[in-house]
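Please consider the sequence and the three-dimensional structure shown here. The account that follows is meant to be read with both in view.

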Amino acid sequence: MTHVSIIHNPRCSKSRQTLSLLEEHNCEIQVVEYLKSPLKSGEIEGLLVKLGLTAREIMRTKETEYKEQNLADPSLSEAQLIEAIVKTPKLLERPIVLANDKAAIGRPPENVLAIL
């Protein structure tokens, strides 16, 4: 049985679909509700390495908070963007699944099958 972690928002349809897909594949699942238990900067940095993405690439750029905090500013450093995600967790794209020392964003949910 594959052990996976899912960074999950139960109110998000893609997150729920991804969780169901993992259940269908008989995975042992650890659910991390990141809005209730926000990730720390080191955890986000680790995700970025596993995803091969930058902080900006895992941000929900259409959120009001993204615009209010002027996070589209190209002069912002990676550390500043990570700190923005720490302070405003809803900016984090979801769901993100971790398995076998890899990570994938579940958009679409089938993306996560590649790391199982």
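The model is predicted. Its protein chain contains four helices and four strands, and from the N terminus on these elements follow the order β-α-β-α-α-α-β-β. Taken along the principal axes, the C-alpha atoms occupy a box of roughly 45 × 25 × 25 Å. Is the radius of gyration in agreement or in disagreement with that of a compact globule? It agrees, because a compact globule of 116 residues would have a radius of gyration near 13 Å and the protein chain has 14 Å. Of the 116 residues, 42% are buried. The accessible surface of the protein chain amounts to about 6,400 Å², and carbon and sulfur atoms account for 48% of that surface. Among contacts with a separation of 6 or more, 62% are between residues 24 or more positions apart.

The strands come next. Strand β1, residues 3–8, runs antiparallel to β3 and is joined to β3 by four bridges. Within this part of the structure, Ser5 stands opposite Leu98 in β3. On β3 there is also pairing with β4, again described by four bridges and an antiparallel sense; here Ile96 has Ile105 of β4 as its bridge partner. The hairpin of β3 and β4 has two residues between the strands, and in this hairpin Asn100 adopts a positive phi near 55 degrees. The side chains of β3 point two ways: Ile96 and Leu98 one way, Val97 and Ala99 the other, and all are buried.

The interior may be considered next. In soluble globular proteins, nonpolar side chains tend to be buried together. The largest nonpolar core of this model has 22 residues, and those with the most contacts inside it are Ile7, Ile58, Met59, Leu92 and Ile96. At least two residues of this core are supplied by each of α2 (41–51), α4 (78–87), β3 (96–99) and β4 (102–105). Another core, of eleven residues, lies apart from it, and Ile6, Leu22, Ala104 and Val112 are among its members. As for Met59, its contacts, leaving aside neighbours within four places in sequence, are with Tyr66, Leu71, Leu81, Ala84, Ile85 and Leu91.

A search of the whole structure finds zero disulfides. Cys12 takes part in no disulfide, and the nearest cysteine sulfur, that of Cys27, is 18 Å away. Seen from Cys27, the closest cysteine sulfur is in Cys12, and a bond is excluded because 18 Å is too far. Cys12 has 5% relative accessibility and therefore counts as buried. Cys27 is likewise buried, with a relative accessible area of 11%.

Ser15 is located in helix α1, residues 13–24. Is Ser15 buried or exposed? Ser15 is buried, because its relative accessible area is 0%. Not counting residues up to four places away in sequence, Ser15 touches Ile6, Ile7, His8, Asn9, Arg94 and Pro95. Between Ser15 and Ile105 there are 9.6 Å in space, C-alpha to C-alpha, although the two are 90 residues apart in sequence.

Asn9, one of the residues that Ser15 touches, is placed in the loop between β1 and α1. Its relative accessibility is 8%, so Asn9 counts as buried. Which residues does Asn9 touch, not counting residues up to four places away in sequence? They are Ser15, Tyr34, Leu35 and Arg94.

Key. Residues are numbered from 1 along each chain as its sequence is written. This is a predicted model: local features need pLDDT of at least 70, side-chain atom pairs count only at pLDDT 80 or more; totals for chains, interfaces and linings use all residues. Side-chain values use heavy atoms; hydrogens and water are left out. A nonpolar core is a set of buried Ala, Val, Leu, Ile, Met, Phe, Trp, Tyr and Cys residues joined through side-chain atoms within 4.5 Å. Buried means under 20% relative accessible area, exposed over 50%, partly exposed in between (1.4 Å probe, protein chains only). Contact means heavy atoms within 4.5 Å. A disulfide is a pair of cysteine sulfur atoms within 2.5 Å. The radius of gyration is taken over C-alpha atoms; the globule rule is 2.2 Å times the number of residues to the power 0.38. Accessible areas come from the Shrake-Rupley method with a 1.4 Å probe; for residues, only the protein chains shown count as cover. Two strands pair if DSSP finds at least two bridges between them.
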